[in-house]
Amino acid sequence: MHYYPPPPPPPVPCPECEKRNMREFDRFGFNIEVGGKYWTHIKEVKACCPIKVRVTNSTYNEITLEVNGKTYVKNRTEFMKSSWRDYDSF
């Protein structure tokens, strides 16, 4: 019989990222999740209103967003100040 090896353990979260996430949640009420949908303002797409975007990557100081197949980069602090999370309703 062939036995499969056990799955690798989950990655250990970075303590600095965890601190930042706690601070952002306390200040803005949400954390950024890759693959999550958010409403934000991108002047290159629509000058007047917020639009629905999907986060494709999140680093310490930049957020990569996707809208209609195009990619945009926004400063993390500006994104947090001008955005809100789109939750699925139940």
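From the N terminus on, the elements of the protein follow the order α-β-β-β-β-α-β, giving two helices and five strands; helices (H or I, at least four residues) and strands (E, at least two) are DSSP runs, numbered from the N terminus. The radius of gyration is 17 Å, well over the 12 Å that the globule rule gives for 90 residues, so the protein is more spread out than a compact globule. That radius is taken over C-alpha atoms, and the globule rule is 2.2 Å times the number of residues to the power 0.38. This is a predicted model, in which local features need pLDDT of at least 70 and side-chain atom pairs count only at pLDDT 80 or more, while totals for chains, interfaces and linings use all residues. Residues are numbered from 1 along each chain as its sequence is written, and side-chain values use heavy atoms, with hydrogens and water left out.

**Overall dimensions and burial**

- Taken along the principal axes, the box filled by the C-alpha atoms is roughly 65 × 30 × 30 Å.
- Of the 90 residues in the protein, 24% are buried; buried means under 20% relative accessible area, exposed over 50%, and partly exposed in between (1.4 Å probe, protein chains only).

- The five strands form an open sheet in the order 4-3-2-1-5, with antiparallel pairing; two strands pair if DSSP finds at least two bridges between them.
- Strand 4 (70-75) and strand 5 (84-85) are the edge strands, each having a single partner strand, so one side of each lacks a neighbour in the sheet.
- Strand 1 is joined to strand 2 (residues 51-58) by four bridges in an antiparallel arrangement, and threonine 40 has isoleucine 51 of strand 2 as its bridge partner.
- Strand 1 also pairs with strand 5, in the antiparallel sense and over two bridges.
- Within this pairing, tryptophan 84 in strand 5 is the bridge partner of tryptophan 39, and arginine 85 in strand 5 stands opposite tyrosine 38.
- Strand 2 and strand 3 (residues 62-67) run antiparallel and are joined by four bridges; serine 58 has isoleucine 63 of strand 3 as its bridge partner.
- Strand 3 and strand 4 run antiparallel, with six bridges between them, and valine 67 stands opposite lysine 70 in strand 4.
- The hairpin of strand 3 and strand 4 has two residues between the strands, and asparagine 68 in the turn has a positive phi of about 50°.

**The two faces of strand 1**

- In a regular strand, side chains alternate between the two faces of the sheet.
- Strand 1 has Tyr38 and Thr40 on its covered face, and Lys37 and Trp39 on its uncovered face.

- Rings of Phe, Tyr and Trp (its six-membered ring) pair if their centres lie within 6.5 Å; planes under 30 degrees apart count as stacked, over 60 as edge-to-face and the rest as tilted.
- By this rule there are two aromatic pairs.
- One of them joins phenylalanine 30 and tyrosine 38 in a tilted arrangement, at 5.8 Å centre to centre and 45° between the planes; both residues are buried.
- The ring centres of tyrosine 38 and phenylalanine 79 lie 5.6 Å apart with planes at 70°, so this pair is edge-to-face.
- This pair links distant parts of the chain, 41 residues apart: tyrosine 38 belongs to strand 1 (residues 37-40) and phenylalanine 79 to helix 2 (residues 76-82).
- Tyrosine 38 counts as buried because its relative accessibility is 0%, and phenylalanine 79 is likewise buried, with a relative accessible area of 0%.

**Largest pocket**

- The volume of the largest pocket is about 170 Å³.
- The lining of the largest pocket consists of Cys14, Cys17, Glu18, Arg20, Asn21, Ile32, Val34, Ser58, Thr59, Tyr60 and Arg76.
- On a 1 Å grid over the protein atoms alone, a pocket is an open set of points where a 1.4 Å probe fits, with protein on both sides within 12 Å along at least five of seven lines; lining residues have an atom within 4 Å of a point.
- Grid points are joined across faces, edges and corners, and a volume is the space filled by probe spheres set on the points.
- Helix 1 (residues 15-28) supplies the largest share of the lining, four residues.
- By class, five lining residues are nonpolar, three polar and three charged; Ala, Val, Leu, Ile, Met, Phe, Trp, Tyr, Cys and Pro count as nonpolar, Asp, Glu, Lys and Arg as charged, and the others, Gly among them, as polar.
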